[in-house]
There are 4 protein chains.
Amino acid sequence: MSKIPVGVLGATGMVGQMYTSLLADHPWFEARYAAASPRSAGKTYAQAVEGRWHINRSAVSAAGWGEGVGGLIVEDANDVSKAIAAHKAGRCAFVFSALEMGKDEIRALEEAYAAAGIPVVSNASAHRWTADVPMLIAEVNPHHADLIPLQRKNRGWDKGFIAVKPNCSIQSYTTPLWALMQKGYGVKRLLVTTLQAVSGAGYPGVSSWDIIDNIVPYIGGEEEKSEQEPLKIFGEINGGGVLVNAAEPKISAHCNRVPVRDGHIACVSMEFGVKKPSIDEVKKIWSEFRALPQEAQLPSAPERPVIVREEADRPQPRKDRDADKAMAVTVGRIRPCPVFDIRFVGLSHNTVRGAAGGGILNAELLKHKGYL
Amino acid sequence: MSKIPVGVLGATGMVGQMYTSLLADHPWFEARYAAASPRSAGKTYAQAVEGRWHINRSAVSAAGWGEGVGGLIVEDANDVSKAIAAHKAGRCAFVFSALEMGKDEIRALEEAYAAAGIPVVSNASAHRWTADVPMLIAEVNPHHADLIPLQRKNRGWDKGFIAVKPNCSIQSYTTPLWALMQKGYGVKRLLVTTLQAVSGAGYPGVSSWDIIDNIVPYIGGEEEKSEQEPLKIFGEINGGGVLVNAAEPKISAHCNRVPVRDGHIACVSMEFGVKKPSIDEVKKIWSEFRALPQEAQLPSAPERPVIVREEADRPQPRKDRDADKAMAVTVGRIRPCPVFDIRFVGLSHNTVRGAAGGGILNAELLKHKGYL
Amino acid sequence: MSKIPVGVLGATGMVGQMYTSLLADHPWFEARYAAASPRSAGKTYAQAVEGRWHINRSAVSAAGWGEGVGGLIVEDANDVSKAIAAHKAGRCAFVFSALEMGKDEIRALEEAYAAAGIPVVSNASAHRWTADVPMLIAEVNPHHADLIPLQRKNRGWDKGFIAVKPNCSIQSYTTPLWALMQKGYGVKRLLVTTLQAVSGAGYPGVSSWDIIDNIVPYIGGEEEKSEQEPLKIFGEINGGGVLVNAAEPKISAHCNRVPVRDGHIACVSMEFGVKKPSIDEVKKIWSEFRALPQEAQLPSAPERPVIVREEADRPQPRKDRDADKAMAVTVGRIRPCPVFDIRFVGLSHNTVRGAAGGGILNAELLKHKGYL
Amino acid sequence: MSKIPVGVLGATGMVGQMYTSLLADHPWFEARYAAASPRSAGKTYAQAVEGRWHINRSAVSAAGWGEGVGGLIVEDANDVSKAIAAHKAGRCAFVFSALEMGKDEIRALEEAYAAAGIPVVSNASAHRWTADVPMLIAEVNPHHADLIPLQRKNRGWDKGFIAVKPNCSIQSYTTPLWALMQKGYGVKRLLVTTLQAVSGAGYPGVSSWDIIDNIVPYIGGEEEKSEQEPLKIFGEINGGGVLVNAAEPKISAHCNRVPVRDGHIACVSMEFGVKKPSIDEVKKIWSEFRALPQEAQLPSAPERPVIVREEADRPQPRKDRDADKAMAVTVGRIRPCPVFDIRFVGLSHNTVRGAAGGGILNAELLKHKGYL
């Protein structure tokens, strides 16, 4: 089977580079179109990222980012006509959006691509709260993909659409919560403190002066996202095809930036409803959790979405962030909470599972469901 | 006034060095006796710490650790007779204990010093839960010093006694809690996640291999201490002179080791009882909080025990740990909690306020109260 | 004596903040004028640096940056007329330049201040190679200050002038070399490898992504400066009053950026001429070295410009950078070199001795010599 | 072909773990015997390393350390009889030595294994200067393996022998030097400053307190090794079959410990003899360099032993240490030296190329040559 040609918007940034890295080895998709800021336009991709290539390729991909991508001429991401031409020429069936610009600009630009018939699988936060845009974690709410027909109808779009993924900070606890909810253990309240890696701020992102021998106990906008996005993801599509957000859990998030390169830690305390699982049940549910990506054997799906570690001091970013192609959530320290019911530590790789890898898995899901 | 001669047990370790550093400039006390492991015994203090002097003296003390201390002959801390001789010779009125050995050994050894008539102001955890031993934070429970007569009576000790300080991890939130409790705002439940510096583990402590580009979400025994010690500190002495621990707040602590040299961060969510303060009241109470050490103008007392920062991203270890001679607790990000009532971030310097500086302040308090 | 009012250009940057911090306690000078980019103009200094105050004040100054400076209205540094007005109003006798802009712009702007009668004591590199501008290390070439009359004559300036300081990277070896040269031990060739702290790049400077768990073995332009600037500093003023650069030592510098906040390390191998000192002579010469700033007891002068450490593993940035108000160079590991003659490790604090502190010491020297 | 069963001595340490990790996927060898300190003896390997497994397996090996190794019962490395039994039982054809104990003990123990007929491929420094023991870098001096018959004869050993590898610090420059020497460009003098990762000190190794925000400009014994070991490696076997060390280059090494996990940087200045290459020739020679491991296609051999990077700021530990299975040396910044002739920066992975990977490649070489 020949591969599906795809585009990457914002291809030269931290997450964009992770996209082209991961796509270099991808069995279904192939990066054939790259767009970025006007400053990069006209250069080859190799030239555009020279001196600011951030990914340790050997960590994620044996093949490197490859000759093919390196030789692409980067286009101006603001110029949708270039993408339309590539689309017509069979070089860009859909795009991944890792755009880094103002929220309003991204919102408008992603809509322009979709309106032109080019589906947008996005990492950006611009459309996360747009009612008819699904915010997908492939293992949690794959059925939200079915908002796409409504979205197309609402906007008069024929083939284009927009699907987004949530913020990187919520990956370390949202899937574990969902696994418990699926077994009838509803979580009413949640207190989470995150310890987030610097790559989450992009590049150049956090100044070394601010973070060597230091913690910054604040990340602008991150706590609000961490508290609210799970409610849309846990939402249900009602009879009218409209997504109704979940009312629970009530979440309080405290987000810290720490001197770690990759991997977001979440220290979580959960209060369940009337039905409360035992520690052993929680471990069993998480260890056994499988979802559509696993069943459909989507190529980027981790074998086990949630890996349970029994050691006293795990998960750790350095040791666990790359688990199962950096696509698994690793959990540990599952123990009783003196204030709520059960507490644990979760970890996921923020630029793979929490960004480009999660986006690619979403695209695989959408392909599997026939939307791509 | 000539200075009171004091001894330091465990003088060559991380905390012991901080003791001798801080005492170098002290207006009341002077280190005249140093004891450590048999390996160091017989060397001068300067020789014993050569090549493993850990304190950046200029950060804490303009005077350095001084010729006087450097020239002391280190004694074997296990050999109490040496201390007794020094005590009789007027070179050791009391001792600070920064012993690093097994808990049972420390417990027995501290009792031996006290039985010999040498008061012990200790950093060790060995006697924290001994019922008649006060566990003091000078601004919070100075009245617990009045357990000392009972302690002496219980044990038949004449002049010796043992007073301890709590674990370094609780300094960042216990004093702020107390200030609120004093104003009638009882805290019922508390969820705290700490981000603790490597100096808290002593020296060599945490391996660099474990912590560069990493977080270790576990510190053995630390969560139990963080949850339970405040209850003794908040306890009241009943009519019979016996200390009764507080029943609240119920605390859940999650303790992480982070790649920071000094300064423990605490991310805290508080649930109050019926009477709930506003954000502004909390800020006002903390800003205005003063206690016995301030009123008595004890030399190591910070001017303000709790410093409130209004910036969005403070406190930070690097910027705030040295506030007010590294003896203040700095708090910030005081804001509503979606799950409990109010949340904040606290910070204190773990080897100064949380260890040697806190111990010295306790000694100043005990002197002020006439026990030394 | 009332203090001399001074201005700081580029007052909101990393080095500018160090200037206002150090001046807060200065016995001779007082910051009464602050200028920065148009973005900061019109705000109070406290507002302009809010949320980006970088200096750990307690590490350098007990007084903090003070109410006085905090309340100053920041002016646009490009608008010399504002400085002229302040100069006339007795609020700006001279300026420290910590400007961060293009080299040509700085060169022109510093000349404009000087032409207006306002002496400029600069940290910028723009005028380092201007023939009649002295590049001063107060302990090494204080006599170069006597280029100022020539400079004024050349340019038709009455009271203004420009004096600069060299790059931070050369502080760790230039003064030690000079001390040896003064004793007749000329250094012919020098190989130096520097390990430079991130603060040398200003703020935000080095991205945390580039430096956590990493070394960057390159700093643009730094090796050229490290190789050439000592030759001007070691130069002599000939009979015609013109500065003639030294021909030796020939220097090869390799500059690395390392994950350290402050303090530049230099690993140095020296080849002497015919006259070669012994290791002991080198230690003695360095330990005993004193120069004009020490003799004149300039307030920022370190007591010993070069501190010799005998421990096997010193100097270290964390332990030695703050030595003698962060104004001393600390050297250690003085030992034979199998290839050249003698090798050693030098260290100095790059933003104090190597930047603001060195600039202030230069101003003290210029005041002492009657140029200010 | 069934795999050759091998043993690992010191299997639970930092380097020992790297051995078992790398062997998990090895096409020729299979770890069937593991020995360590008496403390680990009797446990399964999985139990012995529990809670102190250091290797981020996914970085080096897709297979992990595998069920087979994990289930091995660890023996006491001091008890050679256990290895002899395993040897006879076909579970230990030869051993890799990653022993961590006193030099004299290691020397004696390795001899005991060899005397018992079990070849020893060692990482330890104990036998590096034993005259008839080859110190091998597979690409540089594979012909030194031919000291083995002499060694056996000298000692009356039948099948056993000892072969060692050099110190990790020299890997980043020795192979590049050799490539130039092979083309007739002899290097007379060399000044090298290394920036070495913490993993080079083993585990727990460097205290985090010593290295966060710090550099330690000293590593005990490392400079001597860095200066002298290349001379044995560059030596020639004379007519009498005896190895005669090279007289040149004369090397001066300055070794620093830096806050980096893996990867040793070397900043090198080279002085050639009469025949001096151009920069372009150096690049060409290094890019084209291939040696016996490449020609024989040994499984652990990097495709290119020396990778030349043209970017201004490479090599960097984080970006280049894993190049070609972490077995290549990456060089960059090849440029003229103002003092010597040419300078460059070299980098290699110290625990793979510089330790376990280098040892395995040596074993492959010895197998290829018929000694195993």
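Trainee: What should I know before looking?

Mentor: Residues are numbered from 1 along each chain as its sequence is written, and chains are lettered from A and ligands numbered from 1 in the order in which they are written. The model is predicted, with local features needing pLDDT of at least 70 and side-chain atom pairs counting only at pLDDT 80 or more, while totals for chains, interfaces and linings use all residues.

Trainee: How many residues of chain A are in contact with chain B?

Mentor: On chain A there are 35, facing 35 of chain B; contact means C-beta atoms, placed from the backbone, within 7 Å.

Trainee: Which element gives the most on the chain A side?

Mentor: β10(A), with five residues. Strands are DSSP runs of E, at least two residues, and helices are runs of H or I, at least four, numbered from the N terminus.

Trainee: And how do the residues on that side divide?

Mentor: Into 19 nonpolar, seven polar and nine charged. Nonpolar covers Ala, Val, Leu, Ile, Met, Phe, Trp, Tyr, Cys and Pro, charged covers Asp, Glu, Lys and Arg, and the others, Gly among them, are polar.

Trainee: New topic. At what angle do α8 and α11 of chain A pack?

Mentor: About 110°, with their axes 9 Å apart. Axes are lines fitted to C-alpha atoms, for helices over the stretch in contact, and angles run from 0 to 180 degrees between N-to-C directions.

Trainee: Which residues make that contact?

Mentor: Pro176(A), Ala179(A) and Leu180(A) of α8(A) meet Val282(A), Ile285(A) and Trp286(A) of α11(A).

Methods
Two residues are in contact if their C-beta atoms, placed from the backbone, lie within 7 Å.
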